[in-house]
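This report walks through a few places in one structure, beginning with a single residue and its contacts. The sequence and model are shown below.

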Amino acid sequence: DTSCAMIGWIESTSNLPPMGTNNWYIKCGGSEKEIVVTIAEIGDLCVATNFPSDDGSDGNFYCINGGTATGYVGSCTCISCDTGFGGPNCATANRVELSGSNTGMCVVNGACFSSLDYG
């Protein structure tokens, strides 16, 4: 609204950002309102690596097969795996089932290749 004199402020003598929960004030339409606001540091973004020991605790997260590491240090996940892969690190090959006369004959952990026509 166009009658706001200030967007918001906090009463503090610190020159650091107001981390944590603090009382903020806004003034609109001639009245002052107090609002509780919490500001928290979210940390650095996660980065995908090829090392199975990378658990995200330092931001490095094991995420392969086309996966994208998302989240922040300490809470990383791996999304958007290549087709045929899944699991928490995109490291698990999805089950492959063939149709035709050899249904169920090819269940692999990895890729399945064949020159046969399974229809």
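Leaving aside residues up to four places away in sequence, Cys78 touches Phe61, Cys63, Ile64, Gly67, Thr68, Pro88, Asn89 and Cys90, where contact means heavy atoms within 4.5 Å. This is a predicted model, in which local features need pLDDT of at least 70, side-chain atom pairs count only at pLDDT 80 or more, and totals for chains, interfaces and linings use all residues. Residues are numbered from 1 along each chain as its sequence is written, and side-chain values use heavy atoms, with hydrogens and water left out.

Cys78 also belongs to the largest nonpolar core, whose seven residues are Cys46, Phe61, Cys63, Ala69, Cys76, Cys78 and Cys90. Such a core is a set of buried Ala, Val, Leu, Ile, Met, Phe, Trp, Tyr and Cys residues joined through side-chain atoms within 4.5 Å; buried means under 20% relative accessible area, exposed over 50%, and partly exposed in between (1.4 Å probe, protein chains only).

## Ser80

Ser80 lies in the loop between β7 (75-79) and β8 (85-86), and it counts as exposed because its relative accessibility is 52%. Strands (E, at least two residues) are DSSP runs, numbered from the N terminus. Not counting residues up to four places away in sequence, Ser80 touches Gly66, Gly67 and Thr68, while Ser80 and Cys90, ten residues apart in sequence, are 8.2 Å apart in space, C-alpha to C-alpha.

## Gly20

Gly20 is in strand β2 (residues 20-28) and counts as partly exposed because its relative accessibility is 27%. Its C-alpha is 5.1 Å from that of Thr38, although Gly20 and Thr38 are 18 residues apart in sequence.

Definitions and conventions:
Helices (H or I, at least four residues) and strands (E, at least two) are DSSP runs, numbered from the N terminus.
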